[in-house]
Amino acid sequence: MVEAVESVESEQNEPQFKEYAIEEFLVRSEPYYRPVGDELELFTAAYNQHIPVLLKGPTGCGKTRFVEYMAWRLGRPMTVVRPVDSGRAAQELREGEVRVPLVTIACHEDLTASDLVGRYLLDSEGTRWIDGPMTRAVKAGAILYLDEVVEARKDTTVLIHPLTDHRRILPVEKTGQIIEADDRFLLCISYNPHYQSALKDLKHSTRQRFISVEFDYPPVEIEAEIVEKESGCSSEQAASLAKLGEKVRNLRDHGLAEGASTRLLIYAGRLMTEGIPARRACQVAIVWTLTDEPELQRSVEEVVSSIFE
Amino acid sequence: MSNAPFDEIESELAKFPPAVMDAYRESAEAMETSFSPEELALWAKEGSAIAGQTVRSWESAVEYFRVCPQVARSLAFPSFMQWARCGTYLSQDSPALAVSFFKASPAIVSNLRPQYIPRWAGLGRSLYKGTWKSSTLSARFFEVSPDMIRSLPFWDVEVFASLIEALSYKSYDIAVECLTLGKDVLPVMGREREAFLAMCRALSDGNWREVKSCFEVAPKALQQIEEGQTSRFLKLGERLTKVGIRDTSRFLSDGSYALGQVPQGSQAHILDLCEGLLAVTPEAVPPFLKSLDGVMHRVTINQLDTWFHHGVQLLKDNPESGIAFFKVESNTSESLLETLSSSLELDRVKGIVRLYCRALSGSPIEALSTQELVRRNIGWVDQDTATTDGTKVFLPPVVDHYQNKEQNFSWFKVVATHQVAHLEFGSFDYDFDKPALLFDEERRYPLERELGAQQVNDDVLVGDLEADGQTRAYTDIGRFLSLFENRRLAFDLFTVLEDVRLDYRIKVEYPGIRQAAIDVQAQALSLRPEVEDLPLQEALIELLIRMSLDHFNNLPVPVDFQEEATMLARILQVLRDASANVEDTAEATLRAYEIISRLENETQPEDQWEPEDMEEPGDFSEDEFQSLLDKLQASQNSSGDAGEGDPYDSPEPVDYRGDFKPEMVQLLTKLQMDQNQQGEGEPLSQEMLEQLLQDSAELELDAEQGDINNSMSTFAQNIMKEAGVPPPNSQPGQGYGPLLHDDDQGGELEAREPKTYVYDEWDFRANDYKPRWCVVKEKTLDEGDPAFYNDSLKNYSTLLSHIKRQFELIMPETFRKIYRMIDGEDIDLNAALEAAADIRMKVPPDEKIYWRRNKIERDVSVVFLLDMSASTAEAIDEGRHTVDDRDAPDDPVEYMVWLRRRREGLVRRHYKRIIDLEKESTALLIQALESIGDNYGIYGFSGYGRENVEFYVIKDIEENFTERIKRRIDKITPLHATRMGSAIRHAITKLENQDSPTKIMFLISDGRPQDRGYSREGVEKEYAVHDTHMALLEAKRKDITPFCLTVDKAGHDYLKEMCGDMGYEVLGDIWALPERLPMLYRQLTA
């Protein structure tokens, strides 16, 4: 946290972004991830064995962070980032390093197959084929992470199926090509079973192409550790936040659609680090985010006011 | 034709002024058509008789002849003559009267039944007293008669006339004025007229001048009063009048204003109060009504009762101060209102407290009023003390310890947190065999062995011992407490020490309420008795209690027992540790007991006390403890027997900590658990339970408060009921008639009658279908009263609007832009470019290059299957009930309206059955479904035996929603058994014919499927479950999404098996059904 502030000052408002081609994006530095069970071993094994992975779990419990972490871990030793030109970065590999780029696609209901595979574009010289992110990931041997996959249109399953069985191919209908995936390619999808609706569910034929790793909010002690580490608040504050998280999640079946995610707890912690009073931080980061119903708000606030002075 | 009689009459008439003759001639012509010649003769003769009565009677006769043609049109001849004769008599008394009478007649006779005419004339006559003023009054009466007769029943006219007459004795002017007012006022009054007239009548005997004012204020005043209450209000006025309250018109205007201001629906209650007050001191009623408005702005209607009853008590003692009280002119009244308005009712915050408790404990805790628990009669007796039975937290209904609502709420919170802490930090999880964390040495095992050995030595019969041991060991806490000779002392110590542990833990875990807890503790501390006045054992316990309330400094300690007190403080300090568990409390109890029980319970002399600071008594060490014990033992041995001194008495309870009954909680939990795992081990019999209760230290404490020993068996029964144990002597399976094993026999069935269908049934043992096994008879449900439907909507109006809002939110999704359509409103540029590029690259382009709005139409078909089995007739335990407080309005006035409605609801709910909630939910659901236009059918099912599966149509899926469906809902009743499988299969048939892409089947049940030959308790439960599972699978295969909702708490056991990976929900709280059902449906289809 503190370092980031300093760097902004030293660069004096220079733009700080970096630009990568999608398949060249590597997780550069070690993301913080606190393993709870054997998920690291499972994912590594699946990666080595080319088994696609389905991550199940409620929102904000660390699925995306986990994938990032795995991408970093599988690509170790560290890749080096060296800025070339203005903002454009290329990442050089050192000896013994593996390139494991991470391509993340947040799925939404208008996401079509050609958004993923690619399309022809018109330009001054005629037409040009542009690879979609999935094609690029397949070619580059990246970890392709489809977040909230149930949201995507049904025609995407046409692409997912051949990629996820023994064939590991991506048929590109329009160019009339078939791309065999790079050896390091892995498809990973996430899915939140809590949103279950009769109209939106993952088909079994799709589900059964993946191993499923279940995620849940970590146990109190571990969550406190995570919150402390991520938000930079004091360990007492982190412990209280984790306790709050646990208590609020107890209301999940009694009015709250979702419990307070670890992410929200971290937000609250960050606000506290910035000097916002604890109760206020929890109110804006947790209470008001979770529900609009006045009585529920009040109840959660009472829990907050019991835990925090 | 002979003209003789007429000639004779004409000559008679000629004697009078010529106007008479003129009138006669004019009239005679018109009359000829109406009457026969003989009748005409009589008519003419009557005219001359009228004229001949007095000197001025000829004027009456002229009027008579003038109106006759009109009157004759409405009356037959006999009635006509009767009418004419009335005029004759009147004219005898006063010609002017007769003139008025005749003048009014044409308008009257057409509206009045002929037999009433003489009575009407009599009314007018009765007002005439021979004076000029009275004749004016009487004439006025006839004048206003046409209007009145037209708009009032004759009976009321008579009463009104008699009122006028009564008034006329006092003042003719007032009587005339009232007569004129009454003509306009009475007709608009409606049915309350009678009461109003009765009141005026009462008034006319006394303060008659008020009558006129009453007539003046009444129309406006009565408007403010609810229909149906008006006559009660007027009756009240009448009774007040009768006892001599003079200002009746003031009462009318003030009273009606006050009533107009109270929340809708509570006028009846206010009138109840008024009537009560009337019986005590009538004079207090007007002041009460006058101050009502002001009072109601400060307190709720519940609190008003409290204020009111206080006033009534005062009235009984001293009427004057009572009246001042009701005028809110006394300090008592003012301060009571102050307290009431700052007090907080549990009802108002129950929802919040409940969720708070659930969040803290992580289990579905209910927050209930303590009144609830007392009513259950299972061993808790104190209404004002918070407690918990392990699944529910009971809180006092009202808190008024502080001067403002915030502080009172904090009190609730501290109390609730303390109760939940028992659950959260495991007071009830005490396990005899689990080691303590902070105490090293375990003293309970040696003690138990010692105790056992002792008992054998005491030559107790071996059989008895076993039985005794068994019951005592039934709960772990019971086993622990049985180690002690003085169980009450041990239990008191355990309670105090456990509270020390919890309060400390709460302060560590919830620093946010530390301050509030300190305040509450300080308050509790101020109520503690003086330590110095207590005998030694009790004084030491009192010291512990004070320390538990965070009071360590300047504690009075007996000089001779300083060492003991310090040791106790050390023991207590061990528990002030966040890692201490309940087993530590138990070990601490053992040690504290060993010290205190060895002391003599004698009062210490006053000068033998020294103030001590106990904040840091030093660390506890087993060695020091043991040496102290040895010392005590030695002195005990030397001084002879211990236990002398005063008998030990339990300390005053600390009110915010409430009743702590771990043994009862463990007992209930255990009973419930045994119930759920039948067959494993011997369940506890009622006798054993009674024995257990007798031994319990927890009940011993309460025995002082009431003669509980006698009701021990009632307790035992209630407890067993609470735990869900069936009453003795009931064999499972009974009530379904003789067990017909041959039901399995027999062969396929035929559908012979129309509207019957035959379905297969899945036999899991054979792993195959039994072909054509069940006959489903489809019937349309009878029609009842639509009132049920309408009432449900009314009762749930707030919830309904919430549901509707939620459903309306679904709608906008359907108006989205839909891309990639073959045709549509406009070209989708992205798609078109892509297609153009494809064409250039000679790739077959996608032709879906348009977008369009509102193409996806929501197309859902759903079938709801309601369980109409006999078990739905079960009354719902009111204790389970949670009212939806969510919509409680903040505005005090609205809140009172809301509260009132809810209270009314509660009264009805006494008799509510599961089916009633199903019905109400259906009504709400229909509203919701109609608002989004889904295609839906609602069916009920029941039946007996496989040849009689009844399938009731409430609303067929093809049917439109009509009045008839509202009527059918009324007729949903509990019938027989539940053969779910066949009902589901028939519902599938219904849904199959629908072509919606989304089809849903929603099953609402209250228990596992069962029917004759389908599921027999204990014999083959699985059969029914498997068949139902198979039926649901069949649905799924046909692209129907099944969903099961059950209100059976034991539902988790079999639903998992029954529904597999299909959706289901067990509704823990049946009261939530009306709310949950539409929401679930929304979730399922959104």
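Colleague: Is Phe233(B) buried or exposed?
Modeller: This is a predicted model. The cut-off for burial is under 20% relative accessible area. Phe233(B) has 0% relative accessibility, so Phe233(B) counts as buried.

Colleague: How are the rings of Phe233(B) and Phe251(B) arranged?
Modeller: Phe251(B) is also buried, with a relative accessible area of 5%. The ring centres of Phe233(B) and Phe251(B) are 4.9 Å apart. Planes under 30 degrees apart count as stacked. The planes here are at 20 degrees, so the pair is stacked.

Colleague: Which helices of chain B hold Phe233(B) and Phe251(B)?
Modeller: The two residues are 18 apart and link distant parts of the chain. Phe233(B) is in residues 230-242, and Phe251(B) is in residues 248-261. Those are helices H13 and H14.

Colleague: How many aromatic pairs does a search of the whole structure find?
Modeller: Ring centres must lie within 6.5 Å to pair. The search runs over all chains and gives 46 aromatic pairs.

Colleague: Why is the pair of Tyr24(B) and Trp43(B) stacked?
Modeller: The centres of the two rings are 5.8 Å apart. Stacking needs planes under 30 degrees apart. The pair is stacked because the planes of Tyr24(B) and Trp43(B) are at 25 degrees.

Colleague: Which parts of chain B does the pair of Tyr24(B) and Trp43(B) tie together?
Modeller: Tyr24(B) is buried at 3% relative accessible area, and Trp43(B) is buried at 1%. They are 19 residues apart in sequence. Tyr24(B) lies in residues 18-31 and Trp43(B) in residues 37-51, so the pair ties together helix H2 and helix H3.

Colleague: Which ring does the charged end of Arg249(A) sit over?
Modeller: A charge over a ring must be within 6 Å of the ring centre. For Arg249(A) the distance is 3.9 Å, and the ring is that of Tyr217(A).

Colleague: How far is Lys919(B) from the ring centre of Phe788(B)?
Modeller: Lys919(B) lies over the face of Phe788(B). The distance to the ring centre is 4.4 Å.

Colleague: What area is buried between chain A and chain B?
Modeller: 34 residues of chain A are in contact with 40 residues of chain B. Carbon and sulfur atoms give 55% of the buried area. On the side of chain A, Tyr120(A), Glu295(A) and Ser306(A) lose the most, together 19% of what that side buries. The area buried between the chains is about 3300 Å².

Colleague: Which residue of chain A meets Glu834(B) in a salt bridge?
Modeller: The count between chain A and chain B is seven salt bridges. A salt bridge needs nitrogen and oxygen within 4 Å. Here the N to O distance is 2.5 Å, and the partner of Glu834(B) is Arg119(A).

Colleague: Which element gives the largest share of the side of chain A that touches chain B?
Modeller: The interface has 15 residue pairs in polar contact. Strand E5, strand E6, helix H9 and helix H12 of chain A each supply at least two residues of the side that touches chain B. The largest share is nine residues, from H12(A).

Colleague: How far apart in space are Ile301(B) and His269(B)?
Modeller: Ile301(B) is in helix H17 of chain B and counts as buried at 1% relative accessibility. Ile301(B) and His269(B) are 32 residues apart in sequence. From C-alpha to C-alpha, they are 9.1 Å apart.

How values were computed. Residues are numbered from 1 along each chain as its sequence is written. Chains are lettered from A and ligands numbered from 1 in the order in which they are written. This is a predicted model: local features need pLDDT of at least 70, side-chain atom pairs count only at pLDDT 80 or more; totals for chains, interfaces and linings use all residues. Side-chain values use heavy atoms; hydrogens and water are left out. Rings of Phe, Tyr and Trp (its six-membered ring) pair if their centres lie within 6.5 Å; planes under 30 degrees apart count as stacked, over 60 as edge-to-face and the rest as tilted. Helices (H or I, at least four residues) and strands (E, at least two) are DSSP runs, numbered from the N terminus. Buried means under 20% relative accessible area, exposed over 50%, partly exposed in between (1.4 Å probe, protein chains only). A charge sits over a ring if NZ of Lys or CZ of Arg is within 6 Å of the ring centre and within 35 degrees of the ring normal. Contact means heavy atoms within 4.5 Å. Buried area is the accessible area (1.4 Å probe) that two parts lose on being put together, summed over both. A salt bridge is a side-chain nitrogen of Lys or Arg within 4 Å of a carboxyl oxygen of Asp or Glu. A polar contact is a pair of N or O atoms within 3.5 Å; within protein, one must be able to donate a hydrogen and the other to accept it, and residues adjacent in sequence count only if both atoms are side-chain atoms.
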